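Trainee: Could you walk me through this model before I set anything up with it?
Mentor: Gladly; have the sequence and the coordinates open while we talk.

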Amino acid sequence: MRSSPAMLLPLVDLAVTNNSAHRAGELCAEHLNLLGARTLKGAGNACLAGALTVGGIDGGEIDCRMPWQPSGAPSSEATIQAISGLIGVHSLDRKAPVRLGLDVASAATGILATQGILAALIARRRGQAVR
């Protein structure tokens, strides 16, 4: 049985505009690109971990916004790890807080955003309204 291009690259009709200047938005766009979506670069916004617009499939655009912290002020990976409790959990056996050596918060944000976008696309294909 031969695979069709749509089976290999199911998002080939999709365009993703990455309006983020942050690694989380880049990671989300990269994952969607691996599934066939075209990636367009938008205006970067350092206050958001991700701001993507997905369009081209089944009725309109999907906006995915990943605020990096509630106030919208730019913040570092270390700050987000501290606010979320990652540093505290990672430092239980030590006497002082220790930042994780990799960008766990950025990676988790990008991957979860990708899953949310894919879930919205599946819901749309099934006829459900998606904002």
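What follows is a conversation about the fold, the core, the salt bridges and a surface patch.

Trainee: Before the details, what kind of model is this, and how are the values counted?
Mentor: This is a predicted model, in which local features need pLDDT of at least 70 and side-chain atom pairs count only at pLDDT 80 or more, while totals for chains, interfaces and linings use all residues. Residues are numbered from 1 along each chain as its sequence is written, and side-chain values use heavy atoms, with hydrogens and water left out.

Trainee: OK, how many helices and strands are there, and in what order do they run?
Mentor: The protein has five helices and four strands, and from the N terminus the order is α-β-α-β-β-β-α-α-α. These elements are DSSP runs numbered from the N terminus, with helices being H or I over at least four residues and strands being E over at least two.

Trainee: How much of the protein is buried?
Mentor: Buried residues are 35% of the 131 in the protein, where buried means under 20% relative accessible area, exposed means over 50%, and partly exposed lies in between (1.4 Å probe, protein chains only). The exposed surface comes to about 7,800 Å², of which carbon and sulfur atoms supply 60%; accessible areas come from the Shrake-Rupley method with a 1.4 Å probe, and for residues only the protein chains shown count as cover.

Trainee: And which residues have the most contacts inside the largest nonpolar core?
Mentor: That core has 16 residues, and Leu14, Val16, Leu32, Val54 and Ile117 have the most contacts inside it. Such a core is a set of buried Ala, Val, Leu, Ile, Met, Phe, Trp, Tyr and Cys residues joined through side-chain atoms within 4.5 Å. At least two of this core's residues come from each of α2, β3 (48-55), β4 (62-67) and α5 (104-125), and α5 gives the most, with four. As background, nonpolar side chains tend to be buried together in soluble globular proteins.

Trainee: Tell me about α5, then. How far does it reach?
Mentor: Helix α5 has 22 residues and spans 32 Å from its first C-alpha to its last, close to the 32 Å expected at 1.5 Å a residue; the expected span is 1.5 Å times one less than the number of residues. Its buried residues include Ala113, Ile117 and Leu121, but also Arg124. After α5 comes Gly127, with a positive phi near 90°.

Trainee: Switching to α2, which residues there are buried?
Mentor: In α2 the buried residues are Ala24, Gly25, Leu27, Cys28, Ala29 and Leu32. This helix has twelve residues and reaches 16 Å between its end C-alphas, close to the expected 16 Å, and just after it Gly36 takes a positive phi of about 110°.

Trainee: How many salt bridges does the structure hold?
Mentor: It holds four, a salt bridge being a side-chain nitrogen of Lys or Arg within 4 Å of a carboxyl oxygen of Asp or Glu. Among them, Arg23 pairs with Glu26 at 3.6 Å, N to O, and with Glu30 at 2.9 Å, N to O, while Asp103 and Arg99 meet at 2.9 Å, N to O. Salt bridges with shared partners join Arg23, Glu26 and Glu30 into one network.

Trainee: Where do Arg23 and Glu26 sit along the helix?
Mentor: They are three residues apart in helix α2 (residues 23-34), so about one helical turn separates them. In general, an α-helix has 3.6 residues a turn, so residues three or four places apart point the same way. Arg23 is partly exposed at 37% relative accessible area, as is Glu26 at 32%.

Trainee: Is Asn18 buried or exposed?
Mentor: Asn18, which lies in strand β1, is buried, with a relative accessible area of 3%. Leaving aside neighbours within four places in sequence, its contacts (heavy atoms within 4.5 Å) include Gly25, Glu26 and Ala29, as well as Leu40, Lys41 and Gly42.

Trainee: Last one: which residues make the nonpolar surface patch?
Mentor: Leu8, Leu9 and Val12 make a nonpolar patch of about 260 Å². Leu9 is in the loop between α1 (5-8) and β1 (15-18), and is partly exposed at 36% relative accessible area. Patches are made of residues with over 30% relative accessible area and no salt bridge, with like charges joined within 9 Å and nonpolar side chains (Val, Leu, Ile, Met, Phe, Trp, Tyr) within 5 Å.
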